[in-house]
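Student: Hi! Could you walk me through this model while I have it open?
Tutor: Happy to, let's look at it together.

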Amino acid sequence: LASDLEERKWQFKTLELMYLEAGQHLRSLNQLMWQVPSMVIAITGGLWYGATTVDEFQARTVVLSFAAVFSLLTIVIIWRLRGLIQMHIERQGQFSPDNAHVPRGKYVVIGCWTTALLGSAIVSTLGACNPSHLSKKQEPPEEAKCCVSQIEVVTNPVQPPMCPGQPPAKKQPTATSKPCAK
């Protein structure tokens, strides 16, 4: 009787350890599910910025094509992660006496990440196909090409008299500007 109780105790202890380990794996996979797409979107944004500052169209096309492939491969990776998460959810569901309450196939988060990454890949592809439309460097506006106005500063302006009985002296401006010749 004592050996039978001891054996049952170890069986329950083994099941408890399996349950806890599956929970730890599930938590780490869930953390990856939220971190990987965020990092990829941040990296893609950096690649987009870098592509807009490069002068050569061929280099811009390569960078944007890489960003598109990077986003598409990340979609595959996060769907694989979601499959692993579902596997661990089902494994933890085996420990439950009522398996009917185990959640199955809710893909709202993965759908949102896929949409964001797919949009990123589409924008990257469009940019790679039309690299001339993306540039941070712009030509100066037309009015900036005109000559600069001359400004004269007078250091000793004539001050009006302080006495009210005297007629005021002619006021002189402290600075004048001359328009540029076009």
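This is a predicted model: local features need pLDDT of at least 70, side-chain atom pairs count only at pLDDT 80 or more; totals for chains, interfaces and linings use all residues.

Student: Okay, how many helices and strands does the protein have?
Tutor: There are 3 helices and 2 strands. Along the sequence they come in the order α-α-α-β-β.

Student: And what share of the residues counts as buried?
Tutor: Of the 182 residues, 21% count as buried. As for contacts with a separation of 6 or more, 76% are between residues 24 or more positions apart.

Student: Let's do the helix pairs. Are H1 and H2 roughly parallel or antiparallel?
Tutor: Their axes cross at roughly 170° and come within 9 Å. Angles over 145 degrees count as roughly antiparallel, so that is how H1 and H2 run relative to each other.

Student: What sort of residues make up the contact of H1 with H2?
Tutor: That contact divides into 23 nonpolar, 9 polar and 3 charged residues.

Student: Now H2 and H3. How do the axes cross?
Tutor: The axes of H2 and H3 cross at roughly 165° and come within 8 Å. That makes H2 roughly antiparallel to H3. The crossing of this pair is left-handed.

Student: Which residues meet there?
Tutor: On the H2 side they include Leu64, Ala67, Ala68, Ser71, Trp79 and Arg82. Among their partners in H3 are Ile110, Trp113, Leu117, Ser120 and Ser124. The residues of the contact of H2 with H3 divide into 13 nonpolar, 9 polar and 1 charged.

Student: That leaves H1 and H3. Are they roughly parallel or antiparallel?
Tutor: Roughly parallel. The axes of H1 and H3 cross at roughly 15° and come within 11 Å. H1 passes H3 in a left-handed crossing.

Student: What does the H1 side bring to that contact?
Tutor: H1 contributes Met33, Trp34, Pro37, Ser38, Val40, Ile41, Thr44 and Trp48. Facing them in H3 are Val109, Ile110, Trp113, Ala116, Leu117, Ser120, Val123 and Ser124. By type, the residues of this contact are 12 nonpolar, 4 polar and no charged.

Student: What is Thr44 in contact with?
Tutor: Leaving aside neighbours within four places in sequence, Thr44 is in contact with Ala67, Phe70, Ser71, Ser120 and Ser124.

Student: Let's turn to Ser124, then. Which helix is Ser124 in, and what does Ser124 touch?
Tutor: Ser124 lies in helix H3. Not counting residues up to four places away in sequence, Ser124 touches Thr44, Trp48, Leu64, Ala67 and Ala68. Ser124 is buried too, with a relative accessible area of 0%.

Student: You mentioned Phe70. Going over to rings, how many aromatic pairs does the structure hold?
Tutor: It holds 3 aromatic pairs. One of them is Phe66 with Phe70: the ring centres are 5.7 Å apart and the planes sit at 15°, so the pair is stacked.

Student: Where do Phe66 and Phe70 lie?
Tutor: Both lie in helix H2, 4 residues apart, which is about one turn of the helix. Phe70 counts as partly exposed, at 24% relative accessibility.

Student: New topic: where does Tyr107 lie?
Tutor: Tyr107 lies in the loop between helix H2 (57-93) and helix H3 (108-129). With a relative accessible area of 37%, Tyr107 is partly exposed.

Student: What is Tyr107 in contact with, apart from its sequence neighbours?
Tutor: Setting aside neighbours within four places in sequence, Tyr107 is in contact with Trp79 and Arg82. Arg82 is 25 residues away from Tyr107 along the chain, and their C-alpha atoms are separated by 8.3 Å.

Student: Last one: is Gln58 buried or exposed?
Tutor: Gln58 is exposed, with a relative accessible area of 64%. Gln58 lies in helix H2. The C-alpha atoms of Gln58 and Ala128 are separated by 8.9 Å, with the two residues 70 apart along the chain.

Student: Great, thanks for the tour!

Notes
Residues are numbered from 1 along each chain as its sequence is written. Side-chain values use heavy atoms; hydrogens and water are left out. Buried means under 20% relative accessible area, exposed over 50%, partly exposed in between (1.4 Å probe, protein chains only). Contact means heavy atoms within 4.5 Å. Axes are lines fitted to C-alpha atoms, for helices over the stretch in contact, and angles run from 0 to 180 degrees between N-to-C directions. Angles under 35 degrees count as roughly parallel, over 145 as roughly antiparallel, 65 to 115 as roughly perpendicular and the rest as oblique. A crossing is left-handed if the near helix is turned anticlockwise from the far one by less than a right angle, and right-handed if clockwise. Ala, Val, Leu, Ile, Met, Phe, Trp, Tyr, Cys and Pro count as nonpolar, Asp, Glu, Lys and Arg as charged, and the others, Gly among them, as polar. Rings of Phe, Tyr and Trp (its six-membered ring) pair if their centres lie within 6.5 Å; planes under 30 degrees apart count as stacked, over 60 as edge-to-face and the rest as tilted.
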